[in-house]
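Subject: Structure handover

Hi,

Here is the structure I promised to pass on to you. Have a look at it first, and my notes follow below.

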Amino acid sequence: MATPLSDTPLSPSSPLKTVAVVGLGTMGTGIAEVLARAGREVIGIDVGEEQAARALAALEAATARAVRRGRLSEEERAGMLARVRTGTDLTAAADADLVIEVAPESYEIKQRILGELDGIVRPDTILATGTNALSVTRLASGSARPERVLGLHFFNPAPAMKLVEVVSSVLTAPQAVAAVTALAVELGKEPVAVGDRPGFVADGLLFGYLNQAAAMYEAKYASREDIDAAMRLGCGLPMGPLALLDLIGVDTARTVLEAMYAESRDRLHAPAPLLKQLSEAGLTGRKAGRGFYTYAAPGSATVVPDALTPAAGDTGAAGRTVRSVGVAGSGTMASGIAEVFAKAGYDVVLAARSEEKARAAKARVGKSLARSVDKGRLTAEAAAQALERIVPAGSYDAFAEVDLAVEAVAEDLDVKRQLFAALDKVCKPGAVLATTTSSLPVVACARATSRPQDMIGMHFFNPAPAMKLVEVVRTVLTADDVHATVREVCGRIGKHAVDCGDRAGFIVNALLFPYLNNAVKMVQEHYASLDDIDAAMKLGGGYPMGPFELLDVVGLDVSLAIEKVLHREFREPGLAPAPLLEHLVAAGCLGRKTGRGFREYARR
């Protein structure tokens, strides 16, 4: 008979002094290191003596590196290693205050371990599962002490990653949660309390995004290199999604997604067929030496060229000559793009609906250049020369001699079509026409002209002078030399060009906004708080901003418009905008620009 938790109370300050870690793979070894560093007695248990020996060797190597880097003294290292002992029998956990199992993601394996531990550990011992995909409730229900079972989800590498998700089931006692949460804080981690559903917060948002990236690559919409570069450079992520899948393990990702799909029945969680194919072929990522990419050796992080690696300097068709550029628009994006071209040495015509608006846009460029001078990024002479290259104009007739015309007006298809119809009459034959749209069909703009072969998308990211990415969007009508021209121009202005086809969201927005929408659904369903979700993605995923911080910066109205476009294009029910987002937009809560979005902001 289970001892009720209330019979053996634990306060948040109660020390869990002795901790057993069952499963000494990469994650288990990392958790053992974290615990030992924090002064806990650690009992490492694995079914094989060889794996236990490898874990000890890894700990010795990690602590030796820490000593060399001055992060640990030899005395501290010796004390830390002395606190770790290993074995191959679960009975070694008999005296543990807490047991953390980090066994393979299998109900059968984990339930067998938890069942055996029931007959070994003390009645007051807390049992934690490190699962990131399986139901903690289901695992707990097979235990004789379900109130003592919870989830404790560390992130890889455990010594470096700050986030720990503390997962409660409907059976978990609050005292167990409090004790483990206090331990996480003492370990120097940031604990986030979440309920029991596959993926929890961080992986629940992350793996849907990774799955869509895999499907995008499988559909041959963009190359693996361009998908990864787009998300790193366009969103500031530490790794691209396909490289991250290789790091996590393609087979692990497939397991997590299967569990998520079993609960949500959302087709966006149904594992992309390519994940199954790679898994069953043994191409599981870095650990196998090959996954989406090929690596120098199993376990290596070094990517080596393979048959899919693009040839260096392969530009395809010869491009057209571009000496002068016209930028249409007077907003932040237009002035930013004009600055980028002028700094690269191009003569720029900055045209707006009036001379006054065009001059104001040039003045904005002048202020931006002055800030660059103040920060030492540009000399005063280079800034003056760049500003001098920009000629403001109150009419698009000034585009008569430009070699490249770039549109950066309102994100409204009718407005853009009217503009390109006008440019079609003004621009000389052979001039390249480019739209900076982030979500509208490029071909619809092209069809407003008599020369759709000269039309292409150049999606810059805001702020244009700082962001390195440009999505180069070909339509089915775009000429090869137009594509080559824009690729060459991107290189000359110091931008990284990625190729994609003409469909809603291109690469970045098609992957980013469903992730943001899913975060809104989590709050809408009262699964987790704004602060916990933002913290989870920054600490667990390495994101520069949490999803709600980002939504408020982008603007909830802009985000809703993009999500509606994606939903119309792909017709996936899971892409339907979250009602909470629609309600906030209807209420005029649009983010920072209105002083209130998901959070409130001080009025300037």
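Strand 4 (residues 98–101) is covered on both faces: L98 and I100 on one side, and V99 and E101 on the other, are all buried. Buried here means under 20% relative accessible area, with exposed over 50% and partly exposed in between (1.4 Å probe, protein chains only). Helices (H or I, at least four residues) and strands (E, at least two) are DSSP runs, numbered from the N terminus. In a regular strand the side chains alternate between the two faces of the sheet.

Before going on, a word on conventions: this is a predicted model, in which local features need pLDDT of at least 70 and side-chain atom pairs count only at pLDDT 80 or more, while totals for chains, interfaces and linings use all residues. Residues are numbered from 1 along each chain as its sequence is written, and side-chain values use heavy atoms, with hydrogens and water left out.

Back to strand 4 and its partners. Strand 1 (residues 18–22) pairs with strand 4 in the parallel sense over 4 bridges, and two strands count as paired if DSSP finds at least two bridges between them. In that pairing, V22 stands opposite E101. Strand 5 (residues 126–129) also pairs with strand 4 in the parallel sense, over 4 bridges, and there V99 stands opposite L127. From strand 4 the chain crosses through helix 4 (residues 107–118) to strand 5 in a right-handed β-α-β crossover. Right-handed means that, with the strands pointing away from the viewer, the path from the first strand over the helix to the second runs clockwise.

Now helix 20 (residues 547–554), where the buried residues are P547, F548, L551 and D552. These cover an arc of only 135° around the axis, so they sit on the same side of helix 20; the arc is that of the directions from the helix axis to the C-beta atoms. The buried residues of helix 20 pack against helix 18 (508–524), helix 19 (530–541) and helix 21 (556–570), with contact meaning heavy atoms within 4.5 Å. G555 follows helix 20 and has a positive phi, near 110°.

Q212, in helix 7 (residues 202–218), is buried with a relative accessible area of 14%. Leaving out residues up to four places away in sequence, Q212 touches L268, A510, L511, P514 and L575.

A few backbone details may interest you. Most residues other than glycine have a negative phi, and most peptide bonds are trans. A cis peptide bond joins N156 and P157, with omega about 0°; P157 lies in the loop between strand 6 (149–154) and strand 7 (163–168). Another cis peptide bond joins N462 and P463, again with omega about 0°, and P463 is in the loop between strand 16 (455–460) and strand 17 (469–474).

Which residues other than glycine have a positive phi? One is F506, with phi near 50°, in the loop between strand 18 (496–501) and helix 18. Another is H526, with phi near 60°, in the loop between helix 18 and helix 19. F506 is buried at 1% relative accessible area, whereas H526 is exposed at 72%.

Finally, the overall picture: the chain has 22 helices and 18 strands, and buried residues make up 52% of its 604 residues.

Best wishes
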